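Student: I should like to go through this structure with you by question and answer. May we begin once it is displayed?

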Amino acid sequence: MSRTLIANARVLDPAQALDGTRHVLIDGTKIAAVLTPGTAPEGTVDHHVDASGQWLVPGAVDLAARFREPGHTAKADFASETRAAFAGGITRFALPPDTHPVLDTPAMVVRVLRISKAARSPWVMPLGALTQGLAGQALAEMSALKAAGCVGLSQASAPLDDPLLARRALEYARGLGMTVHIQPLDARLANGGCAHEGATATRLGLSPIPVAAEVAAMRFWISLVEDTGARLHFGRLSTARGAELVANAQARDLPISADVAAHQLFLTDAALAGFDPAAHLMPPLRSEADRLALRDAVRTGVIEAICSDHQPHEADAKRDPFPLTAAGASGLELLWPLTLKWMTEDQVPALTAVHRLTCAPARRLGLSLPRIEAGQPADLALIQPDAPWTLDPARLLSRGRNTPLAGLSFDHRVAACWHLGVARHQCSD
Amino acid sequence: MIAVSQLDAEGHLQHLLTLEGLPAATLTDLLDHADHYLDAGRQGDKKHSSLLGRTVINLFFEASTRTRTTFELAAKRLSADVLNLQVAASSTSKGETLFDTLKTLEAMQADMFVIRHDASGAAHFFAAHAAPGVAILNAGDGRHAHPTQGLLDLLTVRQRMGRIAGLKFCLVGDILHSRVARSAIHGLRTLGAAEIRVAAPPTLIPAGIDALGVQVFHDVDAALSDVDVVMLLRLQKERMLGAFLPSLGEFHRDYGLTHQRAARLPEHAIVMHPGPINRGVEIEGDMAYGARSVILEQVNNGIAVRMAVMDRILGARP
């Protein structure tokens, strides 16, 4: 068993409200000791990491990342995206059920877990399909999915048009104590659109997606939560009014939570200028007022988590006129850098920012809170806080180089990442 | 995606994708050049040689006879070799990507592609991926732009009224889906129109259109008061019924150019329509070729404008 000492790191552990300089000793797969400076670890140390001036945080828990396997391996696979995830300081992620075939049977869940193990990937937390084949026609075998390892249920980005089935799905999930993850978008109001309804879509002649497409879907689901008491998580909010609805539901003690994709905190529909297909996202990039409201909601905790919404695509999927391209951006490697950029820009306390990527999403998946203390699995990321860099998509490790953030500059980078005590990523320079 | 510039480093037109962002001098030069071809035509001089040896490919992914014909005629009058390809949308969805279609045709040493496609941004896409020296001329992309239609509208107004600057315009009808409206608005703004109004029921007005510098009206009589130019837009009947409008009759009553409404226009005001006309919907039938109507002039100007654009892009530098 190899022993690694990460010395003199600024340890940021929101679960313990710890922000202080520590030595962290990894022994095998676990954290063996967390020591105050001046204390020497007992026994020998195989690897010594001088982390002076760097931040040691729990590995991020990403609430939405597509690894594209099984079924879409032309875009990416577990091997490629595992490298990207560790380079992004992510040690655990929720996998939406829209693989091919869909994650709607225990056999598929077992298959995914096996692929994950073979790739030595970050911990995969499968979200089972809420309906069979995600077709919105019949309930999936939720209990069997739970037994196979699903930590929640999701309709991914597929519509669920039948209100009665939606209600029964929530009732059934509540009986199993499972959280239902919904990406709120009313397909009829969205009407096949590809851009936020506003001046940019009008100028470019792109079919608009009104704000109401998100809000109407949210109101619908909230009213079912009021009836059923089921626990519901809204993924990938894009609008100010959506954030306001979540705040209102939380004020009424409804079991409702939400996350946002990191890119939504930085971009607006202005990024669509020139028909840049990299900015084709779903939900769409919205207005500046929406962007600022989302930032505010993350700061206050109304939106509790930030996720990557990682959707790698092959180059061909983005090589078409804008409306015909596939939506989505590659995001694993940008989750920490974007979150910490937001932290700096909005003067958010460091522990709060770390919380949004660790404790909050872990709790949402029903996991124990990640902690940096003796006995815990050594799933850690080391952040270098003053290491300016600029995003060049060609340098991403993900097979998907599709990002609308090319050229953005960052101050923080992920210097290293340990998963089960093994260094899976280390910056070369 | 590579950012596309319509003008090269010397300010010459290398593609025509949209009228948005083109300087007034460029627009005026194109209109002047179109006038030159019209003058020559009147003197029986219809054929020119400036595109001799050049190959123009009309690549139409949307069914179109009228527009394609005018592009074809324009290219032929400039002595270009012209190839017409009508590509059904289904054949591309079966296999070949648009990118591959472009590269294959480029390999035939085409100098210019005239492209019509139902996806907004298609012309930008082709321009971004075309080989250096291959020009893209947008013949209509989705709801986004139809720049040669915009130019011929500008030319028609200038012929009749002597100028664009200082005039008041009103566009009536389906603004939401209209690339013709968007191109007209950009051109009119650049050339100094005093006022641009758009009139339609709210279902046919896209959000944020005022950011393009227009005023929105839902009362067509108010919108038409004091205007110099009325630009009627075509309604796509199949698309409209039930979804955007209760009935065509109701649209005609509330927004159609009736004799009564026409009588209240200033005496000098003209009426335009990009065609084809839905008689009894956008305009009362017998007014289509009436004294105020410049609809047939628009058609004639279409060829001259397209010649002007092709010559400025592919012909010898002035």
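**The interface and selected sites**

Tutor: Across the interface of chain B and chain A, four residue pairs, both at pLDDT 80 or more, are in polar contact (N or O atoms within 3.5 Å, one able to donate a hydrogen and the other to accept it, with residues adjacent in sequence counted only if both atoms are side-chain atoms). This is a predicted model, in which local features need pLDDT of at least 70 and side-chain atom pairs pLDDT 80 or more, while totals for chains, interfaces and linings use all residues. Residues are numbered from 1 along each chain as its sequence is written, chains are lettered from A in the order in which they are written, and side-chain values use heavy atoms, without hydrogens and water.

Student: Which helix of chain B gives the most to the side that touches chain A?

Tutor: Helices here are DSSP runs of H or I with at least four residues, and strands are runs of E with at least two, numbered from the N terminus. Helix 4 (98–106), helix 5 (122–129) and helix 7 (179–190) of chain B each supply at least two residues to the side that touches chain A. With four residues, the one that gives the most is helix 5.

Student: How do the residues on the side of chain B that touches chain A divide into nonpolar, polar and charged?

Tutor: Ala, Val, Leu, Ile, Met, Phe, Trp, Tyr, Cys and Pro count as nonpolar, Asp, Glu, Lys and Arg as charged, and the others, Gly among them, as polar. In chain B, 22 residues are in contact with 20 residues of chain A, contact meaning heavy atoms within 4.5 Å. On the chain B side the division is 11 nonpolar, eight polar and three charged.

Student: Which residue of chain A forms a salt bridge with Glu20(B)?

Tutor: A salt bridge places a side-chain nitrogen of Lys or Arg within 4 Å of a carboxyl oxygen of Asp or Glu. The count between chain B and chain A is one. The closest N and O atoms are 2.5 Å apart, and the partner of Glu20(B) is Arg203(A).

Student: Why does the span of helix 2 of chain B agree with expectation?

Tutor: The expected span is 1.5 Å times one less than the number of residues. Helix 2 (residues 66–77) of chain B has 12 residues and should therefore span 16 Å, which agrees with a distance between its end C-alpha atoms of 17 Å.

Student: Is Thr239(A) buried or exposed?

Tutor: Thr239(A) is found in the loop between strand 13 (232–234) and helix 8 (240–251) of chain A. A polar atom of the Thr239(A) side chain lies 2.9 Å from the backbone nitrogen of Gly242(A). The threshold for buried is under 20% relative accessible area, with exposed over 50% and partly exposed in between (1.4 Å probe, protein chains only). Because its relative accessibility is 0%, Thr239(A) counts as buried.

Student: Which backbone nitrogen lies 2.9 Å from a polar atom of the side chain of Asp77(A)?

Tutor: Asp77(A) lies in the loop between strand 6 (60–62) and helix 1 (78–87) of chain A. The backbone nitrogen of Ala79(A) lies 3.1 Å from a polar atom of the Asp77(A) side chain. At 2.9 Å, the backbone nitrogen in question is that of Ser80(A).

Student: How far apart in space are Asp77(A) and Pro312(A), C-alpha to C-alpha?

Tutor: Leaving aside neighbours within four places in sequence, Asp77(A) is in contact with Phe67(A), Glu69(A) and Arg399(A). Asp77(A) and Pro312(A) are 235 residues apart in sequence, and their C-alpha to C-alpha distance is 9.6 Å.
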